[in-house]
Amino acid sequence: MKLLYTSLLNLFLASSIFAQIEVISTDSLRLIDTDPEGGSSGALIGGSTLLNSDSSLVGRKLVFWIHGLAGNEHSWNRIQASTENQTGNPIPNYPERNVEGYALSYEGSENLNIFQLGGHVNNGLMETWRVSIPRRDTLDVRNNFAIAHSQGGIVARAIRYMNLIDSSNYHWQFGALATFGSPHGGAQIINSTQTGGLVQTWIDNGCKKISRGEIQTFVGTRWWLDLIISNNAVVSFSNLTCNGLNKMALPILINAIRKPVGADYAVGASNLAKLDSMAYLDTMKVVTFYGVEQEPVLWRTIHSMTYTKDSSIAGNPLSTDPFGLNDDDELPIFVNHKISSYHAKWSSHNSRSNQLWYQITLQGKNEKEKAEIYRNAHDWLAYANLNWKRFIGARKDTTYIDGYHCECLVNLGGTDGYQFSYQHVQNPSDCNDSLAVNCQANPKIVHTVIEEPNDGVVPVSSQIGYPNRFDSYLMENTNHMQERNCDETKARLNQLFNGFYGSTYKLDKK
């Protein structure tokens with residue numbers, strides 16, 4: 001298992017496990033009601049009637065399940081299927097519902113901008129599925145709703161945008177939305193992964209430093225290797241290894257985050273501002289669920305990110321329980337042990353470098369170099385979680401000048417000599433004393449740190465940042481990947497379908 005996590009750690013540093021991360025002029029608009037025809041009966045755009053004479057369909061709704069960045073139909077399909085039919089695989093405390101759902105996939109279309117993608121999902125996927133069977137096409141589309149994770153919430157908002165500005169070409173598919181961990185206020189991780197940005201440099205440095213530490217540890221376990229492989233060779237080999245891996249694997253990570261659609265919900269993106277402008281005018285009901293993860297958020301999120309498409313490095317926990325993505329302790333524990341190990345090796349080699357025997361045998365310098373390798377690996381790993389929170393916008397460091405320290409050498413007169421006086425002033429010009437021989441003003445530097453709860457990828461303020469949301473609800477101890485596959489997901493979906501958040505989302509039990 002240690003070898004497995006060491007490989008996983010190096011893979012993270014050099015490859016793509018973050019790929020699942022999921023990030024208008026109003027002059028001519030009026031306050032838009034949820035009924036596109038302005039009434040409560042009659043025909044809807046697209047030919048769908050409001051009432052269905054089939055009594056078996058009374059109370060039935062359609063639910064669209066929308067995945068996030070770099071996801072596909074596998075992201076939601078187990079939960080979607082279990083919501084409707086649990087034959088052969090009952091899910092405890094999660095009753096079947098009278099509903100038809102569609103876990104769609106827009107995989108391969110993320111090269112489009114957010115509005116193009118919204119139009120494609122609306123017409124090419126949702127409507128095609130809805131009208132393919134007559135019983136679906138006769139249900140009132142305003143009673144349908146969408147459930148979206150991460151980027152999927154932004155896609156759903158783009159769909160709504162297209163429905164409202166061009167309803168003749170983009171027919172309505174749903175009348176309410178529930179989002180899980182969606183970056184409504186923007187995804188800072190998108191900004192941080194710009195070409196040549198901080199994240200890429202950070203991962204590259206981490207790969208080299210951790211690789212050197214692991215290579216040096218391996219070399220140190222074979223005395224004959226320690227004799228023939230120099231510290232410079234360890235450094236050169238780790239650089240070569242990371243550069244080679246970066247050429248193959250790192251672009252997978254970067255390209256996943258840099259897909260054109262992602263740029264449209266980066267913090268400050270103009271297209272996100274267009275969506276916000278529409279949301280302020282829209283009356284569609286939107287509920288936002290937000291995850292708050294325990295520290296260290298980076299390693300807990302990475303642990304859950306290793307579970308892909310219902311499989312895991314530890315087995316297949318989601319094959320029978322779609323809400324089984326709960327445990328995220330193992331990787332953080334492993335990383336803490338690794339940090340302690342690097343610190344111990346760093347201290348040991350540093351101590352040896354000062355011992356007389358190593359100095360006499362001219363090995364002091366060699367021990368110093370080994371200590372430096374382990375110190376660099378320790379420091380990168382120890383501060384990785386803190387740096388990651390900066391990248392996702394959950395930690396903000398601010399430095400400013402809060403006035404000046406004024407120090408004056410004052411002549412006390414007579415035989416009393418001189419003494420220093422100290423005071424705080426707002427401007428350097430205020431630093432003076434009539435009895436002073438000399439005064440000096442030095443800026444008072446204040447460093448403040450603001451940390452925000454987050455799910456390991458998106459800060460809470462962004463997750464609940466839909467401008468006209470109905471309400472927001474916490475998913476405790478839940479990271480970004482767990483938001484769609486854990487016990488908290490089950491609890492929130494049960495509440496949603498039981499009508500806890502309003503009858504709009506209520507689904508009858510079978």
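Helices here are DSSP runs of H or I, at least four residues long, numbered from the N terminus. I am working from a predicted model, where local features need pLDDT of at least 70, side-chain atom pairs count only at pLDDT 80 or more, and totals for chains, interfaces and linings use all residues. Residues are numbered from 1 along each chain as its sequence is written, and side-chain values use heavy atoms, with hydrogens and water left out.

**Entry: confidence**

I looked up pLDDT, the predictor's confidence in each residue, from 0 to 100. The protein chain averages 82, and 78% of the residues score at least 70. Residues 14-55 have a pLDDT below 50. Beyond near neighbours in sequence, that stretch has 124 contacts in the model (contact means heavy atoms within 4.5 Å).

**Entry: Q80**

I found Q80 in helix α2, residues 77-84. Is Q80 buried or exposed? Q80 is buried, at a relative accessible area of 12% (buried is under 20%, exposed over 50%, partly exposed in between, with a 1.4 Å probe and protein chains only). Leaving out residues up to four places away in sequence, Q80 touches W65, G101, Y102 and A103.

**Entry: α14 and α16**

I noted that two packed helices are described by the angle between their axes and the distance between the axes. Helix α14 (residues 330-353) packs with helix α16 (residues 364-391) at about 155°, axes 8 Å apart. Axes are lines fitted to C-alpha atoms over the stretch in contact, and angles run from 0 to 180 degrees between N-to-C directions. The two helices are therefore roughly antiparallel (over 145 degrees; under 35 is roughly parallel, 65 to 115 roughly perpendicular, the rest oblique). Residues meeting across the pair include W346 in α14 and Y374 in α16.
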